[in-house]
Amino acid sequence: MTLELTATTGPILVAGYKIAETQNYNGSYLGPLVELRPGDLFKVRFLNALAPAGIRLGAHHHGQNASSASDQTNLHTHGLIVTPNNAAVTAKGDGDNVFAQLGRGQSLDYNIKIPTALPASILDLPSGIIPHPAGLYWYHAHLHGVSASQLAGGMSGLISIGRPDSNVVGPDDATTDALRAKTDVIHALLRDIQIVSGTTPDKAAGSPAAWMPIEDPALCRGTSAAVADRPGFCSGSDASKIWLFTVNGDRFPTWDVHSGRNLLLRIANTSASASYVLSLFDAAAPGVRVSYELLSVDGVVPTTKSAASPSPIAPVTDALRLMPAGRAEIYIRNDADNPNKRLLVLQTEGLQTGSDPSTGDNWPQVQLAQIVLEPSGPPPGTLSLRLAPQTVTTLQQPSETHPLAATALPVGCVRDLDATKLEHRRITFTQRVDGWGIRTELVAPPNLTGVHPIGMFRAVAGTTVGPIPFERYLKGDGSVNWDGGDVGSNPKSPKHVCVSLSTGHGQLWEISNPTGELHNFHIHQSKFRIATDKDLSRYGIDPQTTVTNPTAKLQNAKGADDLYIWHDTMPIEAAGRVFIVINFDAEEQIGKFVFHCHILEHEDSGLMAPVEVIP
């Protein structure tokens with residue numbers, strides 16, 4: 001099957017409003033849901049028919065002025081571990097290449113292979129190969145400078161790898177079949193958009209509205225409306241300015257779960273910049289959270305740290321921080337003995353992203369959807385839900401089956417870290433007068449004996465780049481200057497991060513955020529996990545002298561202590577840091593891609609950097 005995808009400019013329908021004009025896919029606020037399995041070829045016939053007339057884009061602060069909308073765009077498959085196919089203009093269709101730029105009237109056929117044989121070590125599993133993890137992913141526009149507004153207007157859609165209920169499993173095949181037979185699946189695509197309309201949301205019914213592409217995060221600050229009076233929207237002192245928080249394009253939908261059935265809710269935060277703190281509340285007890293089972297995060301089922309529990313019970317939690325681009329699968333039960341109908345409300349609890357109320361963004365508290373649980377009788381027996389195991393095939397890994405010749409370090413590269421010298425990579429998000437920038441460097445302890453406070457680690461000579469915005473890497477045509485050298489008026493383009501596949505396993509990266517605002521680290525073609533105390537000690541860091549942001553962990557998740565939870569997005573609090581372990585083991589990771597803040601107003605303002613993986 002080939003996905004026909006047209007980037008276009010025109011009206012869309014959202015939550016009953018007819019919004020005059022956005023940049024979107026196929027004339028819709030929601031791109032098509034794509035269902036794939038390992039081994040499939042994801043084929044996209046992509047046409048750029050954008051017309052920027054009438055739209056003004058740009059970040060709302062941090063120094064970037066609004067500018068005319070771009071009629072260029074591209075496509076990114078978020079979270080997939082697939083080849084980036086380098087950045088060569090002559091070969092830009094056969095991988096996830098975010099450096100492609102399509103002008104108005106241009107088309108491109110994408111052919112992206114979903115792997116059947118990734119190294120199991122990419123998820124710290126025993127030697128062997130695994131199919132691409134089954135879970136929820138997505139695709140979206142990724143043109144630097146306008147990605148936030150293109151996403152906000154509708155340029156994204158969901159990708160599901162494997163059958164939708166792949167991660168609903170029991171301790172044996174019979175229990176798995178029984179669980180799946182009584183599980184309803186709902187995909188919940190969370191998205192927000194700000195509009196101007198003289199009609200209130202409850203009376204929209206096709207009413208005209210204008211889009212505000214330059215999002216105002218303070219729009220609802222100071223609202224006196226109770227949370228119960230914010231079903232899928234909020235507004236401030238100017239009631240004509242409305243912030244819609246939709247689920248699948250609808251405002252505050254209702255989902256019915258019949259007696260004896262359960263609900264698998266596959267949630268994706270496809271907002272350009274808004275963060276969600278998701279909780280379920282019983283309408284009869286609005287101050288009490290309802291717990292649910294967590295089956296996957298960012299498309300990957302948690303894996304065990306030890307072999308003692310190969311198929312553990314799914315962890316239980318009652319709140320989930322879902323950063324922009326984050327996904328999760330949660331399981332809501334209605335198969336217990338409950339004689340009364342229950343009404344659950346899915347809500348985002350709101351979030352202040354700055355170190356104090358005067359900085360950062362103010363994501364409001366909004367009710368998103370309601371779930372009606374019909375009365376249930378006593379079940380015939382309790383069906384235990386387990387975490388779906390990754391199927392490891394004990395074969396040679398792809399790199400062993402198809403040996404790769406060693407590659408000399410490209411001229412534009414900063415060398416890879418040397419684990420024998422206890423080096424780790426430090427990435428620092430920085431705020432500049434004209435926007436954001438990133439500093440990268442390799443750091444090492446004062447000596448190789450024992451463990452040391454993180455404050456004693458120093459940058460290795462010749463490895464520091466920046467802090468600089470992404471624009472410093474670009475040539476006049478918008479392409480990355482991978483070789484360094486003169487770029488326009490800049491005397492020299494900086495070098496970039498490079499990783500060798502031969503030494504890429506188990507790398508420790510420190511993501512530091514000394515700014516006064518929350519950021520959201522994301523890297524393409526890869527997954528990562530929070531570093532343990534053992535990981536830190538291995539690199540000479542005294543775990544007692546550094547604290548990873550507690551919001552980066554599922555602190556409320558019971559049963560998660562013996563689990564590695566894999567991510568492709570990670571919140572980095574203001575004045576905070578997170579240590580992650582990331583594995584570069586797959587041939588599919590070889591090539592050129594990026595890491596950046598996935599709060600896209602930050603990425604568009606410079607908070608992105610190129611990275612190259614070599615054999």
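**Close-up views of the disulfides and an open sheet**

**View 1. The link of Cys413 and Cys498 is left-handed, with -70 degrees about the S-S bond.** Cys413 lies in strand S30 and Cys498 in strand S37, so this pair ties together parts that are 85 residues apart in sequence. The model is predicted. In it, the disulfide that joins Cys413 to Cys498 has an S to S distance of 1.9 Å. Cys413 counts as buried, at 4% relative accessibility. Cys498 is buried too, and its relative accessible area is 1%.

**View 2. Strands S30 and S37 pair in the parallel sense.** The pairing of S30 with strand S37, residues 496–500, runs over 2 bridges. Opposite Cys413 stands His496 in S37. Strand S37 is mostly covered, with 5 of its 5 residues buried.

**View 3. Strand S37 is also joined to strand S46.** Strand S46 spans residues 608–614, and 4 bridges connect the two strands, which run parallel. Val499 has Val613 in S46 as its bridge partner.

**View 4. An open sheet of 6 strands contains S30, S37 and S46.** The order across the sheet is S30-S37-S46-S45-S39-S43, and the pairing is mixed. The edges are strand S30 (413–414) and strand S43 (569–572); each has a single partner strand, so one side of each is left without a neighbour in the sheet.

**View 5. Cys220 and Cys234 form a disulfide.** Their sulfur atoms are 2.0 Å apart. The torsion about the S-S bond of Cys220 and Cys234 is about 85 degrees, so this disulfide is right-handed. Cys220 is in the loop between strand S14 (207–211) and strand S15 (233–235), while Cys234 is in strand S15, so the pair ties together parts that are 14 residues apart in sequence. Cys220 is buried, at a relative accessible area of 4%. For Cys234, also buried, the relative accessible area is 2%.

**View 6. The whole structure holds 2 disulfides.** With bonded cysteines counted along the protein chain, the disulfides follow the pattern 1-2, 3-4. One of them joins Cys220 and Cys234, and another joins Cys413 to Cys498.

**View 7. Cys597 counts as buried.** The relative accessibility of Cys597 is 0%.

Definitions and conventions. Residues are numbered from 1 along each chain as its sequence is written. This is a predicted model: local features need pLDDT of at least 70, side-chain atom pairs count only at pLDDT 80 or more; totals for chains, interfaces and linings use all residues. Side-chain values use heavy atoms; hydrogens and water are left out. Two strands pair if DSSP finds at least two bridges between them. Buried means under 20% relative accessible area, exposed over 50%, partly exposed in between (1.4 Å probe, protein chains only). A disulfide is a pair of cysteine sulfur atoms within 2.5 Å.
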